[in-house]
Amino acid sequence: MTMDLAHAVPADIATDARGTTGGSPQPAHPQSLLALPPGEARDSLLAVHAVLQTQLPPGRLAIYEAGGGSTSFLPLEVLDRAHVTVVDIDEDQIRNNDYAQETILGDVQTWRFKPDSFDLVICYNVIEHLSDVEAALIRFCESLKPGGLILIGAPNPRSLSGVVTKYSPHWFHVWFYRHVRGEVQAGRPGHPPFPTFFHPLVTLSNLEAFANTHGLRFVYRKEYESPRFPEMRLRKPVFAALIDAVAVVINCLLPGKTDVRHGDYHLVLRKH
């Protein structure tokens, strides 16, 4: 049974952009929350944090992060009691990582750990860059302990931003990051955006079908507005207004309650 907790986050973890909790100063999570503008993306990440804090076992944790650079998306309470192992194919990303206890230069699509090794596997903003997502997911399942969790954060290929990303050249992605998002290092070694493949399993319905046939139960599922939209509204309000208008028109033409601004999703899955 899926729990949509994006609007049911416990007050004691509702951290604001300054890293405060319940009015008293607290250490903010390393960049992952600070980098997100207020909006659905941030709300959903906080909800994911709530799920992890309540669903992971007490005591020391073994965590495998498939792809990991300078930013962790885990809550501090989890990170502080975990031994984190990162596998990444990019030497610069490995070099930038400063929170993992073990870093491995390798391919998450082929790297194998002993069965039942980890309490949590996290794959955040990674599967869209893999050419063989199925192989990676099978490796994740093999390495996970019974009852362990998989956290996946990924873009939605069927959203407006997903379609643009899928069918536009990589140089356009770099231009967007540099000139719209203001990230001057974009495209340089170790800095996003990275080439995107959008394997069919990145599509949420296909990923859900894979989970159902591989003994994974849904704990949390949320599609949310891409953080690019609130970023654009702050940095480029005229351009953002144009994109919002285009999205409204497309939404009117599509069936159901589709919102093409829902450019990303979070999934938390439990292994039987």
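Is Trp175 buried, partly exposed or exposed? Trp175 is partly exposed, with a relative accessible area of 39%. The points below concern a predicted model.

1. Aromatic pairs. Searching the whole structure gives seven aromatic pairs. One of them joins Tyr64 and Phe118, whose ring centres lie 5.5 Å apart with 35° between the planes, a tilted arrangement. This pair links distant parts of the chain: Tyr64 belongs to strand S3 (residues 61–66) and Phe118 to strand S6 (residues 118–124), 54 residues apart.

2. Cover of that pair. Tyr64 has a relative accessibility of 1%, so it counts as buried. Phe118 is buried too, at a relative accessible area of 6%. Both values fall under the 20% limit below which a residue is called buried.

3. Phe172 and Trp175 form a stacked aromatic pair, 5.8 Å centre to centre and with 20° between the planes. Both residues lie in helix H6 (residues 170–179), three residues apart, which is about one turn of the helix. Phe172 is partly exposed, at 27% relative accessible area, and Trp175 is partly exposed as well, at 39%. Neither residue counts as buried, because that word is kept for values under 20%.

4. The ring cluster. Tyr64 and Phe118 also belong to a cluster, in which ring pairs link them with Phe113 and Phe140.

5. Strands around S6. What is the sense of the pairing between S3 and S6? The two strands pair in the parallel sense, over three bridges. Ile63 has Leu120 in S6 as its bridge partner. S6 also pairs with strand S7 (residues 144–155), again in the parallel sense, over six bridges. Here Val121 has Ile150 in S7 as its bridge partner. S6 is mostly covered, with seven of its seven residues buried.

6. A charge over a ring. Which residue lies over the face of Tyr177? Arg181 does, at 4.6 Å from the ring centre.

7. Val246 is located in helix H9 (residues 237–253). Its relative accessible area is 34%, so Val246 is partly exposed.

Conventions
Residues are numbered from 1 along each chain as its sequence is written. This is a predicted model: local features need pLDDT of at least 70, side-chain atom pairs count only at pLDDT 80 or more; totals for chains, interfaces and linings use all residues. Side-chain values use heavy atoms; hydrogens and water are left out. Rings of Phe, Tyr and Trp (its six-membered ring) pair if their centres lie within 6.5 Å; planes under 30 degrees apart count as stacked, over 60 as edge-to-face and the rest as tilted. Helices (H or I, at least four residues) and strands (E, at least two) are DSSP runs, numbered from the N terminus. Buried means under 20% relative accessible area, exposed over 50%, partly exposed in between (1.4 Å probe, protein chains only). A charge sits over a ring if NZ of Lys or CZ of Arg is within 6 Å of the ring centre and within 35 degrees of the ring normal. Two strands pair if DSSP finds at least two bridges between them.
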